Structure formats: C-alpha cells, structure tokens
Amino acid sequence: MIEGLDQITKYKNTIINVALVVLALFLSFRIYDAQNKKIAALKEKATSEEKKNVVLEEITAIDQKISALKKTVNGKDMNTSLNTIAAVAKENSVRIISIRPAEQATFNLYTKYPFELMVSVDSYHALGKFISKLESHPSVFSVDLLEMKPQEFLQGEKLVEKLTVKMTISTLLFQN
Amino acid sequence: MKNSLGIYFGPKIITILESDGKKVLNNIQVPRASVSGPEFEEKVPDELKMVALFKDALRAHKIDSQEASIALSGRDLIIRTFELPALPSEEMGGAVMFEAKKYIPFKVEDLVAAYQIQFDRSSHKNLILFVGIKKEVLSKYLAILSQLDIKINTIEYSMFSILRFLQVTDLGRMSNKGTIGIMSMDFQEENEVNFVVLDNGFPLFSRDITLIGRPDELGQTEKIDLATILEKLKTEIRISLDYYDRKFPTKNIEKTFVIASEDSRADLEALIKEIGLAVRFAETAPFTGRDIAFSMSFLKSYGCSLAKKVKIAPKIDLLAARAKTRTAKEPGVPAPAEKFSLASLADFKLDSRVVIGCILLCMGVFGYGYYQLQPLQQQLNRILNARPQVSAVNPNIPYEDLKGVSTEFKKRLDAMDSLVRKRLYLTDQLQIIPSLLPDGVWLTNFAFTKEENKVSVVLEGEAYLKDGEKEFEAVNIFIAALRANPAFSKYFKDISITSIVREEMEEVPATKFAISCTGFSPN
C-alpha cells in the first residue's frame with residue numbers, strides 16, 4: 001500500500017500529465033465523432049435537398065403547363081361560348097333552329113357547360129364541317145349527343161331533303 | 001489565507017519567522033546559548049527548555065500558526081551527491097543505499113534518508129542527491145514541534161531554503177539555468193559557509209565549510225580575525241573546486257551568486273575573482289528591511305517559510321522517508337503515509353508543453369472538422385438558394401411527400417390534357433363511317449351519345465342489291481369494316497347488329513338494319 005502510494009507520489013507529475021493527454025485524446029475523439037456525425041448529416045441533407053430541388057423543378061414545369069392550359073381553356077364565359085357556336089354554325093351554313101344552355105355539371109377538375117341545339121343542315125358534309133370547326137376551336141367544345149334524321153321539306157314547288165340534327169355541345173372550365 | 005511559519009535550527013541561533021506571502025510578519029531569534037544557559041536547571045533536557053522558550057516567544061508575538069516548515073543546518077544532515085549508471089527503477093533504491101554507505105561514517109540503518117535522481121544526458125548516468133539525518137536527531141526536532149502542537153510540513157536542508165529565498169530575488173531565474181555556484185555566509189552569526197553547485201537547479205555538489213576550528217567552536221570564540229577567515233575560506237573554496245572539477249570536469253561553473261552582508265562584499269568579490277569565478281551578490285535588503293540587520297538565519301527561516309509557495313528543483317522530503325521507514329519496520333501499522341501522499345499529490349505540476357499540446361490537439365481536431373464542414377454548409381446553402389418557388393407546395397416537407405405531390409400534379413395535368421387533347425373527336429367518326437359503307441348500303445339514321453366516358457353510336461340503314469343474301473352480306477361487310485378500322489374501334493370495342501330484316505319498301509324488297517356500337521372514351 002505504502003509502496004504503491006510512494007510510487008504514485010514519485011510519478012505524480014507523469015501520471016497527471018498522462019491523464020491530461022488521455023483526457024485530451026478522449027475529448028478530441030468526442031469532437032471528431034460529433035463533427036463526423038454532423039458532416040454525415042449535412043451530406044445526407046444536401047443530397048436530399050438536391051433531390052427535392054429536382055422534384056420541385058418537375059412540379060414547376062407541370063404547374064406552368066397546367067397554368068397555360070387553364071389560360072387557354074378558361075378564357076371564355078357562357079355568352080362567349082354561345083356566340084362562338086352561333087358564329088361557327090353561320091360560317092358553315094348550319095341553321096340553328098333552337099339553342100339553350102342545359103344544366104351544368106361540376107366535377108373535381110372542371111365544370112361542364114352543355115348547350116342543347118336543334119339545327120337544320122343541307123348536307124352531311126356541312127354538318128361534318130360544322131362539328132369539325134367546333135371540335136378544333138381553342139375554347140374546347142365536344143359533342144355529347146348527336147341524332148340526325150333526313151327530312152323532306154317543300155322548298156317552293158321542289159321537295160328538298162335536309163338533315164335535322166339534335167345535338168348537345170358542351171364546353172368546360174377548369175377549376176382553380 | 002494562512003500565514004506560513006519557517007523555523008531554522010541554526011548552529012548558533014534558532015529563528016522563527018512568520019510570513020504572509022512574501023511579507024515578513026514576525027521574526028523571533030532565540031540564541032542557542034540561552035537554551036543551555038545557567039537560568040535553566042542542568043538536569044532539564046534541552047528539548048524541554050527549547051519548548052518552554054518557544055512557547056513564550058510564540059505567545060509574546062501572538063503567533064498561532066498550526067503548521068511549520070523546518071530548515072536544518074548542514075551539521076544535522078548528511079548531504080551527498082554521486083553518480084550511478086542507468087538502472088531499472090526497482091533496483092535503483094537498493095543501489096542508492098549501497099552507494100551511500102561508502103560516504104557515511106555510520107550505519108545507514110541509523111538514518112532517515114531520502115534521495116532524488118536526475119538523469120544526465122551528457123554522461124548517460126544518474127546523478128543522485130542523497131540527504132540523510134540521524135533518527136535520534138530527527139526525533140528530537142519532531143518532539144519539540146509536537147509539544148508545541150505544530151504540524152511539520154517539510155524538513156529541509158537550510159541551503160535549500162537559501163535556494164528558495166534566491167527564487168524571490170533578482171537572481172531567481174538565472175539560478176535555475178546553467179551551472180551556477182551559490183555561496184551563503186554570515187561571519188557575524190555563523191561559523192560556516194554553505195557552498196552548492198547547481199546544474200539547471202539540481203545540486204551537483206554541496207559543502208558546508210567550517211571557518212575556524214571545529215564546527216561547534218564559533219559560539220565560544222571571542223574574536224575572529226576577518227583576514228584569517230577569508231584566507232581560510234579561499235583555501236576551502238579552492239579545495240572544493242578541485243574536488244568538483246575532478247568529479248564534473250565538463251560542467252564548468254558559469255557564475256557564482258553570493259548571499260552575504262554588505263560590509264563583507266568588497267572583500268568577498270576580490271577573493272572570488274582571485275579564484276577565477278564570476279560573482280554576483282543577491283540583494284537581501286528588500287526582504288530584511290531597514291530595521292533588521294543582515295542575518296543568514298533570518299534568510300534561511302524566511303526561505304523555509306516559503307516552502308509551500310516557492311518551488312525549487314531539489315525535492316527531498318525527509319518526513320516522507322521517515323514515514324516509509326517506520327511502516328517498513330512495523331508491517332500492518334496504518335502509517336501516516338496515505339495522508340502524506342494525498343497532501344503531496346496536491347503539489348503536482350502540469351507540463352506546459354503537454355497542456356499546450358493537448359489544447360492544440362483538441363483545437364486541431366475541431367479545426368479539421370470545421371474545415372470539412374464549411375464547404376458542405378456552402379454547398380447546402382447553394383442548393384437551398386437555387387430552389388424553385390412553387391406557391392402551392394411547401395418545400396420543407398420530406399422528399400417522399402414531395403414525390404407524392406409531384407405525382408398528384410402529373411395526374412392532374414394528364415387528366416386536364418385528356419379532357420382537352422385526348423377526347424373523342426366526333427368529326428373523325430363522321431368521316432370514317434360513310435367511307436366504310438359498301439355499295440348498295442346507306443344510312444337512314446345516326447345517333448351518337450356520350451355520357452361520362454361511355455360512348456355509343458346507333459347506325460340505322462338500308463341495303464338494296466336485288467338479292468337478299470348479297471344485301472345481308474353487304475351489311476356484314478360494313479360491320480367487319482367498322483371493327484377493322486383502328487380509329488373507330490379504338491373507342492367502340494363492342495360492335496353488333498341489333499336488327500336486320502328484309503322487307504318491302506315502296507314495293508321493292510330491301511334489307512333494313514340497325515347496328516349498335518358501344519365503348520369508352522378517355523373522358
């Protein structure tokens with residue numbers, strides 16, 4: 001016991017200094033370990049944020065397309081649509097017997113605005129042109145119902161065959 | 001803060017000195033002659049007389065310190081320095097005691113001894129500083145202090161107290177570097193000169209030179225002729241230097257520091273220079289003050305009182321050696337060594353190089369990590385700055401959730417795209433159907449409906465080929481053509497005839513038919 005204590009006393013400075021070195025090594029290891037973890041976390045975060053940027057760029061591109069589409073499709077109202085239908089009909093020699101807006105239907109993405117028409121047209125060809133013009137119009141029209149029957153009319157003294165067509169034409173507006 | 005007590009048991013005077021830091025508070029000098037004087041009974045032991053004198057003196061000066069450091073004269077101690085080869089540490093103790101026997105005129109067993117080792121790199125040998133005291137002498141001093149209820153901190157050679165004193169003078173720093181000779185002398189007070197040679201603070205050589213007659217004769221000498229003393233001193237110094245030069249031929253004394261009274265300095269300077277040594281005198285006046293005349297015992301007790309505050313290279317502890325000796329003799333006896341060890345453990349010294357190294361290590365590791373972190377932090381900042389802003393999306397949500405949002409956006413775009421661009425165009429169907437009619441077949445009615453994504457076309461018509469079978473075949477060809485047409489069958493998967501009948505129309509037999517086509521459009 002005494003020998004041991006004497007040895008400790010004799011080498012106390014060495015022991016204290018060695019203990020200090022051990023403590024410094026321990027602290028250094030803890031600092032190194034903590035900073036390594038921080039570096040790893042930072043690397044992981046950088047990778048994740050970079051991937052998020054890629055996804056956000058994709059979303060931005062999609063969002064721009066959606067906005068462009070909305071701008072094109074939603075640039076109208078009921079009156080404009082009626083005027084467009086009437087104008088296209090007149091342009092293609094289609095006589096509108098009647099036209100009235102039907103009940104609108106709302107879906108998740110859009111609202112559908114239908115118009116019920118009764119038209120009279122001289123030929124199948126003329127009807128085709130009228131429908132083609134409407135379907136290719138930027139305001140986006142689609143035909144939901146079409147029933148046509150040939151009917152004969154007396155034009156003066158001449159019996160003329162015409163097509164009587166019942167149609168439902170609808171357009172849509174995207175929800176915001 | 002506790003005051004420190006230093007007691008020097010000189011050959012002529014015993015000095016008790018109380019100090020607070022470097023300031024002297026009390027100074028008591030007790031002549032040895034008064035202890036053995038006629039006022040005390042001859043049968044009373046000197047120790048008891050001394051205790052009585054001390055008690056009176058301490059009481060008179062209101063000194064109540066419970067601890068003291070003791071300095072002893074060279075004549076109470078055996079001080080030797082010698083060399084030993086490098087040995088394993090477990091063998092060193094035995095080797096030192098064996099070697100010490102050569103220099104001691106009595107049994108080593110009668111001594112309490114301690115030693116200090118210094119490795120000399122130039123000679124690759126161990127320098128040993130050996131200090132011993134006769135057990136009976138030590139017990140005498142311990143008994144005196146014990147009866148005064150004063151705990152002893154250290155017992156040291158008085159020349160070491162002078163070294164301690166030197167540390168607080170202008171020569172302090174210089175005395176620890178190089179090979180330095182130190183002499184202390186007080187011709188008025190003592191019949192001896194202490195001479196020590198230090199190598200970087202470690203004693204290589206030590207001698208107490210008795211000036212006149214036997215060591216105990218000074219007190220009885222009535223008048224001392226200074227010229228005779230100086231002549232004797234010169235001779236003794238030469239003898240000592242001859243011995244020293246033989247023992248340490250490579251370690252030439254660079255400077256000599258002398259502690260002596262002002263009035264003897266001129267003679268001493270001339271004497272030492274004549275021997276061929278460079279000399280400097282330590283300034284003692286700032287410590288003794290105006291009221292106290294130069295006194296070597298004062299300086300020794302003062303140096304001794306600084307034991308806890310001022311460190312010197314020689315670290316000989318006779319008290320520890322005594323405790324060790326007692327425990328070795330009485331196994332199983334709980335020695336005061338543990339207490340001693342704990343006290344001495346508090347007196348550790350951190351190596352400044354180790355401390356700086358440790359700080360640099362920690363800072364280096366931290367700096368290395370910081371150096372690695374900085375570019376990563378900058379990279380992260382760049383990524384965050386380059387982030388596209390989407391008003392409808394929170395960019396701070398996790399990556400997986402963001403992927404989900406992206407998928408939702410894609411689905412939304414696809415759905416909108418289907419509504420606009422991938423919808424069923426009736427124009428195409430209106431072109432296809434007439435082009436597929438075989439000769440002799442025509443349509444009479446056309447009906448198209450679209451509800452949600454279900455689409456249907458009902459085609460009613462007639463066939464006239466003057467042959468019922470041919471007319472039926474023509475209707476079937478029409479149906480087959482509809483099915484085979486990719487643009488039509490893309491939407492209308494189910495194409496079937498709902499009725500076919502041959503009947504008279506305006507007195508002409510013809511075939512009437514109805515075809516149902518159903519399917520799905522993308523929206």
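This is a predicted model: local features need pLDDT of at least 70, side-chain atom pairs count only at pLDDT 80 or more; totals for chains, interfaces and linings use all residues.
Residues are numbered from 1 along each chain, chains are lettered from A in the order in which they are written, and side-chain values use heavy atoms, without hydrogens and water.

User: Which residues of chain B lose the most area to chain A?

Analyst: The contact (heavy atoms within 4.5 Å) takes 68 residues from chain A and 70 residues from chain B. On the chain B side, three residues together account for 9% of what that side buries. They are B:Tyr399, B:Met416 and B:Leu419.

User: How far from the ring centre of B:Tyr399 is A:Lys51?

Analyst: A charge sits over a ring if NZ of Lys or CZ of Arg is within 6 Å of the ring centre and within 35 degrees of the ring normal. A:Lys51 lies over the face of B:Tyr399. The distance to the ring centre is 4.7 Å.

User: How many salt bridges does the rule find across the interface of chain B and chain A?

Analyst: The rule asks for a side-chain nitrogen of Lys or Arg within 4 Å of a carboxyl oxygen of Asp or Glu. The side chains of B:Lys410 and A:Glu58 form a salt bridge at 3.8 Å, N to O. Across the interface of chain B and chain A, the number found is 3.

User: Which residues have the most contacts inside the largest nonpolar core?

Analyst: A nonpolar core is a set of buried Ala, Val, Leu, Ile, Met, Phe, Trp, Tyr and Cys residues joined through side-chain atoms within 4.5 Å. The largest has 93 residues. Those with the most contacts inside it are B:Phe9 and B:Ile182.

User: Why is the pair B:Phe82 and B:Tyr103 classed as stacked?

Analyst: Rings of Phe, Tyr and Trp (its six-membered ring) pair if their centres lie within 6.5 Å, with planes under 30 degrees apart stacked, over 60 edge-to-face and the rest tilted. The centres of B:Phe82 and B:Tyr103 are 5.3 Å apart, and the pair is stacked because the planes are at 10°.

User: Is B:Tyr103 buried, partly exposed or exposed?

Analyst: Buried means under 20% relative accessible area and exposed over 50%, with partly exposed in between (1.4 Å probe, protein chains only). B:Phe82, at 1%, counts as buried. B:Tyr103 has 29% relative accessibility, so it counts as partly exposed.

Key. Buried area is the accessible area (1.4 Å probe) that two parts lose on being put together, summed over both.
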